[in-house]
Amino acid sequence: MSGNKEVVKGGEGMERHLGLSTAIALGVGTTIGSGIFTSVGAVAAAAGAPLLTILAFLLGGIIMIPQNLIYAEYSTAYSEDGGQFVYFREAGWPFMAMFFIWSCWWASDPVGIAIMALTVANYLAFFTGWSSMVVSVIACLLIIFFTWLHMCHKHAGAKWQNFITAFKVIPFLLLVVVGLFFISGGNFGAAPVASSAAASGNIFGAMIAGVAATTWSYDGMQTCVTMGGEVKNPKRNMPIALIGTVFAVTLLYVLLSVSAVGLVDIDVLAASDAPVAEAFSHIPGIGTQAGTVAAILAVVVVTGSLSSLIMFQARGEMKAAQEGYWWRSWGKIDPKYDSPVVSMLWQSGFALVLVWATSIQSLVAIFTFICLLRNALLFCAWFSLKRKSNYHPTFKAPGGPVMAILAIVPSLILMFGELSGIISGEVPLFSFNPISAGILVVISALPFFLRWRRVNADIIEEAEARRNAEIKKEVAEEAAVQ
């Protein structure tokens, strides 16, 4: 390790080794994953009409612009690992800081790793004919390999992430560029899907449903903030990475939706379990080989996402442990590998268990509601953070409070859409559904929060003392400059 290592703020104890390209690769590589393989069809079914499908992807990306601008501001004020945990903590909302990590642990992170690994293994089985048992074993081996790579050889892992992200975008660009030459103009004026709100003239409802269906596909753009304490020159690189990611992914998704809608009838697209393969099948020269092409594409794309998840996610639990709001040992940094070994082993270990579970897919249903709830609260924190004496972002989101509101409102609207079934009485509250499961996650966090406040009081006190010392130092330095 270099003797000129920059000491990261917040006590993570790891060097800043990630450049701008890796920060972008984390965002793009995590966002463009397995979700896009099914979401094109899901968005088509929800929006119901060809042009509304394209518009849903465009609006889904536009919604992310204010959010990533706020993230860019946050990340230049607090350039630490842990991202959202740090922002909630600095806003004076310790329960929300702990709840963010708690919900990630139970509702998205290890579950996401397990599903990504199984997705890769299942697509490999397309060529090999492996049994379900072998598929699960291969999924476990993938998790073990990438955990070893990012835990024990993190510099090589960063280079790999740059490579696989650049490589995985190429096939999508191929579908877009080649597909646009073979689209049928008549497809864009096709009648809406009979079961959609658009078919009954409820364009607004169809649009809300379509945009909500893009949530999974667009999640991950803010990934680099979780490793903010390891990014070189974060004051410059974090805003570029966050803003660049949202524009790059939105452009790719919109063009992909134009190509898919132009190649495939909207009813067929909405009903397809493999919409990307369906789109490929309508390109001359590919036709019957569409399944093979889509399987190869899936292996490349989802492998990149799996690698990214294992690379960054464990930093959240690590940071929470260092601040006293998680199990103590998870905050340790291995001096040999300069990585959060304990946190990474627990995360991947849980994912290995989930690979053998039979109900993983049902856990994904919790994701959208939890994600929207966390987002709305996180952007509300801006109004608290801007009054803090240590809040000195070098990048400020244009419009200030207006931009914060623009980041909050879409999440609230989409949350209302998620709640509509319960509000109308169509979905019983006391049944397994995303809302009741999300409420359960929130409630279950409270006793652990109270326990950690008590048993980790010494860590919490030390962390607060350290931050207060840093604030005093910053104030003194500013006074000296003035």
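## Surroundings of F172

Leaving aside neighbours within four places in sequence, F172 is in contact (heavy atoms within 4.5 Å) with I32, I36, F37, L252, L256, L297 and V301. The model is predicted: local features need pLDDT of at least 70 and side-chain atom pairs count only at pLDDT 80 or more, while totals for chains, interfaces and linings use all residues. Residues are numbered from 1 along each chain as its sequence is written, and side-chain values use heavy atoms, with hydrogens and water left out.

## Nonpolar core

F172 is also among the residues with the most contacts inside the largest nonpolar core, together with I32, F37, I70, Y74, Y87 and W326. This core has 144 residues. Helix 11 (residues 234-263) gives the most to this core, with 13 residues. A nonpolar core is a set of buried Ala, Val, Leu, Ile, Met, Phe, Trp, Tyr and Cys residues joined through side-chain atoms within 4.5 Å. Buried means under 20% relative accessible area, exposed over 50%, and partly exposed in between, with a 1.4 Å probe and protein chains only. Helices are DSSP runs of H or I with at least four residues, strands are runs of E with at least two, and both are numbered from the N terminus.

## T53 in helix 3

T53 is found in helix 3 (residues 50-77). T53 counts as buried because its relative accessibility is 1%. Apart from neighbours within four places in sequence, T53 is in contact with V43, A44, A47, V261 and I266.

## Aromatic pairs

The structure holds 34 aromatic pairs. Rings of Phe, Tyr and Trp (its six-membered ring) pair if their centres lie within 6.5 Å; planes under 30 degrees apart count as stacked, over 60 as edge-to-face and the rest as tilted. F88 and F100 form a tilted pair, at 6.4 Å centre to centre and 50 degrees between the planes. F88 lies in helix 4 (residues 84-90) and F100 in helix 5 (residues 94-107), 12 residues apart. Both F88 and F100 are buried.

W105 and W330 form an edge-to-face pair, with 5.2 Å centre to centre and 75 degrees between the planes. This pair links distant parts of the chain, 225 residues apart: W105 is in helix 5, and W330 is in the loop between helix 15 (314-322) and helix 16 (341-355). W105 counts as buried at 6% relative accessibility, and W330 is buried with a relative accessible area of 4%.

## Aromatic cluster and a charge over a ring

W105 and W330 belong to one aromatic cluster with W102, W106, W326, W327, W346, F350, F448 and W452.

R374 lies over the face of F100, at 4.7 Å from the ring centre. A charge sits over a ring if NZ of Lys or CZ of Arg is within 6 Å of the ring centre and within 35 degrees of the ring normal.
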